[in-house]
Amino acid sequence: MHPKSGGIMEHAGKHALVTGGGSGIGKDIAIALAQAGAEVTITGRRAETLGAVAAEHPRLHAQVMDVDDENSVRDGIAAAAVARGPIRICVANAGIAEGGPFEETSLAAWRKIMTTNLDGVFLTFQAALASLDAETQARMIVISSIAGVRGLKNAIPYAVSKHGVIGLIRGLSEEYMRRPITFNALCPGYVETDIVRNQLPGLMKRFDVDEDGARALIAKGNRHQKLLEVDEITAAAIWLCSDGARSVNGQTTEISGGQV
Ligand code: NDP
């Protein structure tokens, strides 16, 4: 039993969709939702990775879906809804992180980040909302970042994309005020996942440190100077999906060991 799934089947029978559910934060949230009773569609581009994760729990269902591709998102979410019902919980988690100095950032690199991190969330939420009728309760969550609430050097497109999704949930929380749907963002600091692990070799070379030294350099970006673990993000996501959070709407929750 996932330690954050609460041990009760609060989400029994609900269909949840987690983009990027084959790894890192998305995988952990997906497993917790499945253990809380939800039928969880996990999406991503890598069929083999998704299949291996789906094999970990009978309520996890793999669906190849590229959030960079409009048809893939619309068709993928529509197919999942036909198979398992309206999307009652939608976690728009798929994202990429690439950095570099602003003056060296090409328009193509800028657009790539926006396509995945911002347009991908727009498409995911729009397709998930299309699966719902006016009475159905739902929770929409996006994984933003501390880069969604403050600037980060050498990560301008990433920060802009993560600020953008906060604008999206704030706007949607107003537009859907009469519907039983909430829209919220989680803003983690640095979490020990592939996004962080992929940065280690470059830091080791640049600062002539070993792997632990490189990890410590990244951890300095969190206020308590520790890397976060995925279950800390999952705990907040599970709370946002709980009945007790039904009036929490249009909010951002920072998870970064201190004030951002
Ligand atoms: P991972 O790299 O493990 O997860 C990213 C996921 O996104 C992968 O499963 C990947 O699946 C999926 N993905 C990427 N591009 C696409 C695409 N075009 N279409 C569909 N799926 C895609 O890293 P994390 O778990 O850390 O990242 C999850 C989210 O958390 C991201 O939005 C990230 O920005 C955010 N975040 C992460 C932080 C961290 O420190 N780790 C801090 C703050 C926020 P596949 O490759 O199979 O397509």
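**Exercise 1.** How many salt bridges are counted between domain 1 and domain 2? Describe the contact between the two domains.

*Solution.* The model is predicted, so that local features need pLDDT of at least 70 and side-chain atom pairs count only at pLDDT 80 or more, while totals for chains, interfaces and linings use all residues. Residues are numbered from 1 along each chain as its sequence is written, and side-chain values use heavy atoms, without hydrogens and water.

Step 1. Domain 1 covers 15-189 + 228-250 and domain 2 covers 192-227; such bounds come from an automatic or database domain assignment. To the contact (heavy atoms within 4.5 Å), domain 1 gives 9 residues and domain 2 gives 8 residues.

Step 2. The count of salt bridges (a side-chain nitrogen of Lys or Arg within 4 Å of a carboxyl oxygen of Asp or Glu) between domain 1 and domain 2 is 0.

Step 3. On the side of domain 1 that touches domain 2, the residues are 5 nonpolar, 3 polar and 1 charged. Here Ala, Val, Leu, Ile, Met, Phe, Trp, Tyr, Cys and Pro count as nonpolar, Asp, Glu, Lys and Arg as charged, and the others, Gly among them, as polar.

**Exercise 2.** State the distance that separates the centres of domain 1 and domain 2.

*Solution.* Taken over C-alpha atoms, the centres of domain 1 and domain 2 are 25 Å apart.

**Exercise 3.** Find the area that domain 1 and domain 2 bury between them.

*Solution.* The buried area (accessible area, 1.4 Å probe, that two parts lose on being put together, summed over both) is about 570 Å² for domain 1 and domain 2. Carbon and sulfur atoms hold 54% of this area.
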